[in-house]
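Me: I would like to go through this protein model step by step. Please show the sequence and the structure before we start.

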Amino acid sequence: MTLALRRCLVPLICIAALPAALPAAAQEADTAAYRAQGRAELARLKAAVPIDRPARNVIVFIGDGMGVSTLTAARIHQGQIAGKDGESFVTAMDTLPHSALVKTYSHDTQVADSAPTATAILSGVKTRNGSIGVGPEALVTDCAGALRHVVPSFIALAQQQGRATGVISTARITHATPAAAYAHTPERDWEAKLPAEAKAGGCKDIAAQLVEDKVGSKLDVVLGGGRRYFLPATAVDPEYPEVKGARDDGRDLIAEWQRRNRGARYITDTAGFAALDPARDRKVLGLFQPDHMQYEADRNCDKAGEPSLADMTRTSIAMLSRERRGFVLLVEGGRIDHAHHAGNARRALEDAVALDQAVAAALEATKGTDTLIVTTADHSHAFAMAGYPARGNPILGVVAGDDKQPSRARDGKGYTTLGYANGPGAVEGERADPVATDTTVLDYKQQALVPLGGETHAGEDVAVRAAGPKAHLFKGTIEQHSIYYVITDALGVSEK
C-alpha cells in the first residue's frame, strides 16, 4: 500500500456518498426520441470539418490503464453521480470528433507495461517492456545500448522549435509515462538510484535527468508526485516526518533545481499552487507528495492539500500560453492504473472522471482551431463490465433486473456489474455473496477470477480521440507509435 493511500483511509468524512436514487428519464424515451437523437448525431458528424493545418499548441492526455471498459464504466459513473442518466451521459472526451482504435503491444510482449507504451506515444517507436525513451535495440538494464539508441520525444522536438513545454501527472513525475517526455533509460525503476555498473557506463537516474539534462531542465511546468526521489536519504519530507528521501548519492535535486532556476517556483501544496501567478511565473516545479499523489477520491483528505488534475491543467495552460510560438503539454491521469491494480474499481473510475474534467478544462481554455487535443490510454486492464443489469442500475452495484432484485449466479449468489479477470479480489474456496455487502463503498475490491497480489494490464486495443488541427488523421485501427507521427505532423516537425 502506498503512502498516498494510507494517508486517507481514516477520515471517511472526506468520501463523497453515491446517489441513492437514479433518474427515470431513460425509461421515458420513445422511438421518436431515439430517432431524434440519431439524426442529431448524424448532423454533428456531417458538420465536423477537418482542420488540416499545423497546430499552435498540442495537449496530450494519457489515462494510464484507461481501457474502453474503463471509459464506459466511468461515463456511467460520472452521469450517475451527477444525478443524470449514466448510460447516455456525454463526457468531455466523448465530444472529441475524431477517433481510432490503437494497438498496444510492445516490441517484446503481447501485453505491455507503461514504459514502452509511453515511449511509443511520445517517441514514435515500440520498445521493450521496462524501457523508456530508447529503441528496441537496447536490452533492459543495458546502459551502453540505451545510450546508443536514444529516441527523442515530441516534447524535445517542441523545445527545439522554441515552444513552451510542460508535464503533469498524478503519479510520481519520475514514473514511466511522465518520464517518457524527458528521460532515456533501459530500466524504468531507475528513478532515483541505479546500479554502479550503469553509473560507470554513463547512465543517469530519471530524477537527475529531469533536473540537469537537456529536455528535463527546459520544462516550464512540472507538476506531480515523487518528492522523495529528488531528496537524499538523510532528508526528512516536509509533510510526512516519517518519510525520508530515496537517493543514495547524497544529492538534493530540489535545491539543485532551485539554484539552476533563480526566480522559479517550487511548490508542495495547495497554498503554493494557489500562489502561482500565470501572468508572471514562467517556471514551476510542483511535487505534492513524497510518492504518488492522492487518488481523486482521497484528495480532500490530504492535510497540506493537493490541486485537482483539472486545476493543474488550467493553470499550466495559462502559464504556457504566454509563449507566442505555442506550447506542448502532457497530462497523465496516472492513478487510474494503480486503483485497477488494487482491484478497486471505484477509485479507478473517480480518477478517470477527474481526467475527463481536466479535458473539459483544456477545451474551455483553448481555441479549437489552433490547439490539437488528444486523449488516449497507454494500455488497458483485465477489467470487465458484464451481466445484464437494467438501465440505470448503479454501475458499482450488483447486477439487478427491472424488478430491482439481484441476479443470481449458478452458485445462488449475486455478482457485480464490474469485475476483474485476475487480482486481489479473487479468493480460494467459496466466494462471498456481494449482495450481502455494500459494493459501492470506496475500499470495496471487485471479485476476480485468478488470485494475484495485483491485477494485471490487458492487451486489447485502446481508444485515441482528438479535436483540433490534424485530429482527423486519427481513424481506423492504428499502431500506438503512429500517434507520435500525427502529433509531430501537427507540430510541423520531422522525427529524428
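Me: How many of the 14 residues of α4 are buried?
Reply: This is a predicted model, in which local features need pLDDT of at least 70 and side-chain atom pairs count only at pLDDT 80 or more, while totals for chains, interfaces and linings use all residues. Residues are numbered from 1 along each chain as its sequence is written, and side-chain values use heavy atoms, with hydrogens and water left out. Buried means under 20% relative accessible area, exposed over 50%, and partly exposed in between (1.4 Å probe, protein chains only). Helix α4 is largely enclosed by the rest of the structure, because the number of its 14 residues that are buried is 10.

Me: Which residues of α4 are buried, and what do they pack against?
Reply: Helices (H or I, at least four residues) and strands (E, at least two) are DSSP runs, numbered from the N terminus. The buried residues of α4 are S69, T70, L71, A73, A74, I76, H77, Q78, G79 and Q80. Contact here means heavy atoms within 4.5 Å. The buried residues of α4 pack against α14 (335-341), α15, β10, β11 and β14.

Me: At what angle do α4 and α15 pack?
Reply: Axes are lines fitted to C-alpha atoms, for helices over the stretch in contact, and angles run from 0 to 180 degrees between N-to-C directions. The axes of helix α4 (residues 68-81) and helix α15 (residues 345-365) are 9 Å apart, and the angle is about 80°. That makes α4 roughly perpendicular to α15, given that angles under 35 degrees count as roughly parallel, over 145 as roughly antiparallel, 65 to 115 as roughly perpendicular and the rest as oblique. The packing angle is about 80°.

Me: Which residues of α15 meet α4?
Reply: On the α4 side, the residues are T70, A73, A74, H77 and Q78. In α15 they meet L349, E350, A352, V353 and D356.

Me: Which residues does the disulfide join?
Reply: A disulfide is a pair of cysteine sulfur atoms within 2.5 Å. A search of the whole structure finds one. Its S to S distance is 2.1 Å, and the residues joined are C143 and C203.

Me: How many residues apart are C143 and C203?
Reply: C143 is in helix α6 (residues 143-148), and C203 is in the loop between α9 (196-200) and α10 (206-212). The pair links distant parts of the chain, with a separation of 60 residues.

Me: Are C143 and C203 buried or exposed?
Reply: The relative accessible area of C143 is 7%, so C143 is buried. For C203 the value is 9%, so C203 is also buried.

Me: Where does the side chain of T170 reach R335?
Reply: T170 lies in strand β3 (residues 164-172). With a relative accessible area of 8%, T170 is buried. A polar contact is a pair of N or O atoms within 3.5 Å; within protein, one must be able to donate a hydrogen and the other to accept it, and residues adjacent in sequence count only if both atoms are side-chain atoms. At 3.5 Å, the side chain of T170 reaches R335 at its backbone nitrogen.

Me: With which side chain does the side chain of E323 make a polar contact?
Reply: E323 is in the loop between α13 and β7 (327-333). Its relative accessibility is 13%, so E323 counts as buried. The polar contact, at 2.9 Å, is with the side chain of R325.

Me: Is K404 buried or exposed?
Reply: K404 lies in the loop between β10 (383-385) and β11 (418-423). K404 has a positive phi of about 70°, although it is not a glycine. Its relative accessible area is 64%, so K404 is exposed.
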